[in-house]
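These are my notes from going through one structure, entry by entry. I wrote down what I looked up and what I found.

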Amino acid sequence: LRTPLASLSTATYLLLRPEMSREQRDQIVNNIHNETLRLNSLASSFLDLARLESGRVQFRKTRFSAADLLYEVRDVMVTKAQETNVQIRVDVPHDMPLLEADRDKVKQVLLNLMSNAIKYNRPNGSVIITGNFTDAEISLNIQDTGLGIPEDAVPHLFEKFFRVREHEGKAAGTGLGLSICKQIVQGHNGRIEVKSKMGVGTAFNIFLPRAVRAVPQTDG
């Protein structure tokens, strides 16, 4: 884990040197900005995870369309996907039932998984978002055609600060995103699973309990 405060101190010291060119100063200012954003993101993620682990997060559950949420997540991420010409496809059954959960938190999980699916994909690759359901649960799945994850790394994916060695340098991150996803899903009495093959891609599957509708009482 890098130390952003040390990086910022060094950059600020260099910025004061009178012999530096305008271009060098602009680059250092940009570096300071990026490190500040990274530090803020790390602090925010760490606080989110600490609250989830301690059980202090109150989930605001409502009934909503899981299908609509999947399409909404696609629309949010489509611009990012276009940067590397990654195609996003959504496939959900027409009779996908309503889900009872904290919509914002489930959306946070899906956006995190979608971001990873795009970052670690190959140019001109694809991401497929699917939904399905049984009598007991609803599943939300994100599958990519990306780099894949080594078999020995899969069991550690949801550990705090864990980074896949083969992905180092591919994309920046806090190493807390998947830990947060797992805590949110488990907070809904659900589970999250991952399957991956190097050079083929990765699939994350979220399973959330399906809300049981109350059967209305009838007279007589």
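**Entry 1: two helices.** At what angle do α4 and α5 pack, and how far apart are their axes? I am working with a predicted model. I found an angle of about 145° between α4 and helix α5 (residues 177–187), with the axes 10 Å apart. I noted that two packed helices are described by just these two things, the angle between their axes and the distance between the axes. The crossing of α4 past α5 is left-handed. I then listed the residues that make the contact. From α4 they are Lys105, Gln108, Val109, Asn112, Leu113 and Asn116. From α5 they are Gly177, Leu178, Ile180, Cys181, Ile184 and Val185. I sorted the residues of this contact by type and got seven nonpolar, four polar and one charged.

**Entry 2: Val106.** I looked up Val106, which sits in helix α4 (residues 103–119). Is Val106 buried or exposed? Its relative accessibility is 5%, so Val106 counts as buried, the cut-off for buried being under 20%. I set aside its neighbours within four places in sequence and found Val106 in contact with Leu69, Ala101, Leu140, His188 and Leu208. I also checked Val106 against Cys181: they are 75 residues apart in sequence, yet 8.6 Å apart in space, C-alpha to C-alpha.

**Entry 3: the sheet.** In what order do the strands of the five-stranded sheet lie? I read the order as β2-β4-β5-β7-β6, in an open sheet with mixed pairing. The edge strands, each pairing on one side only, are β2 (87–91) and β6 (191–197). From one strand to the next the twist averages 15°. Helix α3 (residues 66–82) packs on this sheet and touches β2, β4 and β5. The direction of α3 makes about 175° with that of β2.

I took one pair of strands from the sheet for a further look. Strand β4 (residues 126–133) and strand β5 (residues 137–144) run antiparallel and are joined by seven bridges. For Phe133, I found the bridge partner in β5 to be Ile138. As a reminder to myself, strands of a sheet pair through backbone hydrogen bonds, either parallel or antiparallel.

**Entry 4: Asn205.** I moved on to strand β7 (residues 201–209), where Asn205 is found. Asn205 counts as buried because its relative accessibility is 14%. Leaving out neighbours within four places in sequence, I found Asn205 in contact with Leu140, Asn141, Arg191, Ile192 and Glu193.

**Entry 5: aromatic rings.** How many aromatic pairs does a search of the whole structure find? I got one. The pair is Phe158 with Phe204, edge-to-face, at 6.3 Å centre to centre and 85° between the planes. Phe158 lies in the loop between β5 and α5 and Phe204 in strand β7, so the pair ties together parts that are 46 residues apart in sequence. I checked both residues for burial. Phe158 is buried, at a relative accessible area of 17%, and Phe204 is buried too, at 8%.

**Entry 6: the whole chain.** I counted five helices and seven strands in the protein. Along the sequence they follow the pattern α-α-β-α-β-β-α-β-β-α-β-β. The protein has 220 residues, of which 38% count as buried. Last, I looked at contacts with a separation of 6 or more: residues 24 or more positions apart account for 69% of them.

Terms used: Residues numbered from 1 in each chain as written. Predicted model: local features only at pLDDT ≥ 70, side-chain atom pairs only at ≥ 80, totals over all residues. Heavy atoms only, no water. Pairing = 2+ DSSP bridges. Helix = DSSP H or I, 4+ residues; strand = E, 2+ residues; numbered from the N terminus. Axes fitted to C-alpha atoms, helices over the stretch in contact; angles between N-to-C directions. Contact = heavy atoms within 4.5 Å. Buried < 20%, exposed > 50% of the residue type's maximum accessible area, 1.4 Å probe, protein only. Left-handed = near helix turned anticlockwise from the far one by under 90°. Nonpolar A, V, L, I, M, F, W, Y, C, P; charged D, E, K, R; others polar. Phe/Tyr/Trp six-rings, centres within 6.5 Å; stacked < 30°, edge-to-face > 60°.
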